[in-house]
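Please read these notes with the model open beside you. They are set out as numbered points, and each point can be checked on its own.

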Amino acid sequence: MTKLQIEDIVSLSKRRGFVFQASEIYGGLSGFYDYGPLGVELVNNIKQLWWEHFVQRQDNVFGVDGATIQHPELWRASGHLSGFSDPMVEDTLNHKRYRADQLAGVDTTDLKELALLLKGKKSPDGNPLSEPRQFNLMMQTWVGSVEDEAAKVYLRPETAGAIFTNFLNVKETMRAKLPFGIAQIGKAFRNEISPRDFIFRVRELEQMELQYFIYPDDQQEAYEQWRQFAWHFLVDILGVNETSLSWHKHSQKERAHYAKAAHDIYFDFPFGAKELWGTHNRSDFDLSSHAKFSNKDLSILDESSGQKTIPYVIESSVGVGRLLLTVLSDAFSRDKVGGEERIVLKLKPSVAPYKIAVSPLLKNKPELVTFARKLYEELKQEFLMVLWDDNGNIGKRYRRQDEIGTPFCITVDFDSLKDRSVTIRDRDTTKQIRVRADNVASTLKPRLH
Ligand code: ATP
């Protein structure tokens with residue numbers, strides 16, 4: 001079987017309306033993408049499942065939706081203004097910029113080490129390279145009508161900021177007691193030096209983050225709990241093949257100075273195994289730092305010891321786009337049907353953009369169309385994401401639905417007019433069964449999870 005290439009995903013995404021280059025008619029903008037009609041459904045399904053499992057089904061996790069722009073002091077306290085940077089080198093002739101660690105093929109941000117490794121190396125265009133230096137990834141803008149230092153603000157580089165600043169608000173309004181979590185889904189912005197690998201590394205991203213506040217004594221248990229929960233979500237809820245996932249434990253060099261432990265889940269993307277989802281033990285760094293910079297007491301009373309303590313934080317953080325790319329790459333399959341190669345997205349029905357497609361065998365036979373249309377309307381009431389497809393011949397319709405991952409196709413033919421039966425075709429096996437039109441909904445309902 002030919003190995004999946006990222007170009008296969010890019011081409012399917014464009015051909016079928018999952019992902020488009022942002023501002024495509026103007027030549028695109030590097031690091032920015034738009035989701036098309038199918039992409040937005042898939043992404044919404046992924047986000048909804050995450051929200052259901054990380055928030056709604058938990059009894060001690062609460063959601064927030066913070067502003068994208070926050071007080072700049074927040075980013076001073078979090079360390080982003082001084083330290084949110086990647087090592088960069090520049091081609092000294094054409095001034096193209098590259099991530100120094102990526103050019104050197106190592107996982108370090110240490111400038112001295114990178115300078116040694118890159119000594120004498122040329123840029124991808126064959127020109128001499130500059131010395132590595134740190135490049136801050138924060139995107140800045142201004143609020144108000146005067147563009148001066150006092151009005152300078154930043155687009156958030158991660159969603160976690162508004163979770164920490166709302167710690168007291170959520171604790172008080174929800175009468176929350178440790179351990180409890182605050183979760184958020186939202187956009188973040190990073191001025192990545194070299195956006196690449198399609199939607200894997202972009203400049204406008206969306207994150208799903210949970211910060212779980214605990215007593216320091218519970219750190220090991222909570223860390224393991226959320227690490228395993230992320231894996232379980234990927235495998236059991238999204239249906240990602242476990243053999244494509246692996247753990248990557250951060251070495252001390254890779255970890256942020258405050259982090260006590262960090263594990264990433266890597267996925268075997270078509271361009272190699274790379275970070276998909278991080279679980280970090282952030283210690284009491286965030287709340288301590290925000291307490292210091294804001295002059296507010298962010299400690300809580302530990303009822304068992306009677307002492308005041310700053311909670312520790314376990315963070316679970318994943319990018320929505322990387323998850324979309326994971327789900328698409330994992331589901332992408334090629335097989336042969338009737339001697340012809342087909343592309344099929346073997347998506348879990350709960351994730352698939354459309355659940356059912358309904359077709360009349362021939363679109364110019366009014367009696368078939370009327371029958372099929374009625375069934376379509378009924379199914380749409382029940383399942384919402386039902387597609388009417390009468391374009392081209394039936395073989396072409398099946399190919400199209402396979403490519404967008406529609407689990408079931410229903411066809412109304414001449415026998416339907418005699419005995420009210422229709423065919424239901426299964427996307428993965430291509431097997432067809434005949435069911436009475438009145439029983440289609442009850443037959444499919446249990447299979448659409
Ligand atoms: P990387 O090492 O790949 O730059 P990171 O370690 O900086 O990522 P975090 O700050 O831990 O990433 O962000 C949490 C999650 O957000 C990542 O696991 C990833 O899924 C997603 N993410 C981070 N940066 C980007 C980006 N530029 N484009 C798309 N997703 C991203």
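1. Basis of the notes. This is a predicted model, in which local features need pLDDT of at least 70, side-chain atom pairs count only at pLDDT 80 or more, and totals for chains, interfaces and linings use all residues. Residues are numbered from 1 along each chain as its sequence is written, and side-chain values use heavy atoms, with hydrogens and water left out.

2. The shell around the ligand. Which residues are closest to the ligand? They are E192, R201, E275, L276 and G319, out of 14 residues that surround the ligand; a residue is near a molecule if one of its heavy atoms lies within 4 Å of it. The shell divides into five nonpolar, four polar and five charged residues. Here Ala, Val, Leu, Ile, Met, Phe, Trp, Tyr, Cys and Pro count as nonpolar, Asp, Glu, Lys and Arg as charged, and the others, Gly among them, as polar. At least two shell residues come from each of strand 10 (204–214), strand 13 and strand 16 (312–319). Strands (E, at least two residues) and helices (H or I, at least four) are DSSP runs, numbered from the N terminus.

3. A nitrogen atom of the ligand lies 2.7 Å from a polar side-chain atom of E192. The side chain of E275 has an N or O atom 2.7 Å from an oxygen atom of the ligand. With L276 the polar atom belongs to the backbone, and an oxygen atom of the ligand is 2.8 Å from it. On its own the ligand has 590 Å² of accessible area, and the protein covers 85% of this (Shrake-Rupley method, 1.4 Å probe).

4. T279. Is T279 buried or exposed? T279 counts as buried because its relative accessibility is 0%; buried means under 20% relative accessible area, exposed over 50%, and partly exposed in between (1.4 Å probe, protein chains only). T279 sits in strand 13, which spans residues 272–281. Its contacts (heavy atoms within 4.5 Å), leaving aside neighbours within four places in sequence, are Y223, W226, R227, A261, A262, H263, I314 and E315.

5. Aromatic pairs. Rings of Phe, Tyr and Trp (its six-membered ring) pair if their centres lie within 6.5 Å; planes under 30 degrees apart count as stacked, over 60 as edge-to-face and the rest as tilted. The count comes to 22 aromatic pairs. One of them joins F62 and F180, a tilted pair with 6.3 Å centre to centre and 55 degrees between the planes. F62 is in strand 3 (residues 61–63) and F180 in strand 9 (residues 180–189), so this pair ties together parts 118 residues apart in sequence. F62 is buried at 19% relative accessibility, and F180 is buried at 1%.

6. A second pair and a cluster. Y376 and W388 form an edge-to-face pair, 5.7 Å centre to centre with 65 degrees between the planes. Y376 lies in helix 12 (residues 366–383) and W388 in strand 20 (residues 386–388), 12 residues apart. Elsewhere, ring pairs link W50, W51, F54, Y212, W226, F229, F233 and W277 into a cluster.

7. Helix 6. Where helix 6 (residues 111–118) starts, a side-chain oxygen of D110 comes within 3.0 Å of the backbone nitrogen of K112. G120 follows helix 6 and has a positive phi, near 80 degrees.

8. Backbone angles to check. Most residues other than glycine have a negative phi, and most peptide bonds are trans. The bond joining L178 and P179 is cis, with omega about -5 degrees, and P179 lies in the loop between helix 8 (167–173) and strand 9. D197 has a positive phi near 55 degrees, in the loop between strand 9 and strand 10. L384 has a positive phi of about 65 degrees. This residue is in the loop between helix 12 and strand 20, and L384 is exposed, with a relative accessible area of 59%.

Technical notes:
Polar contact = N/O pair within 3.5 Å; in protein donor to acceptor, adjacent residues only side chain to side chain.
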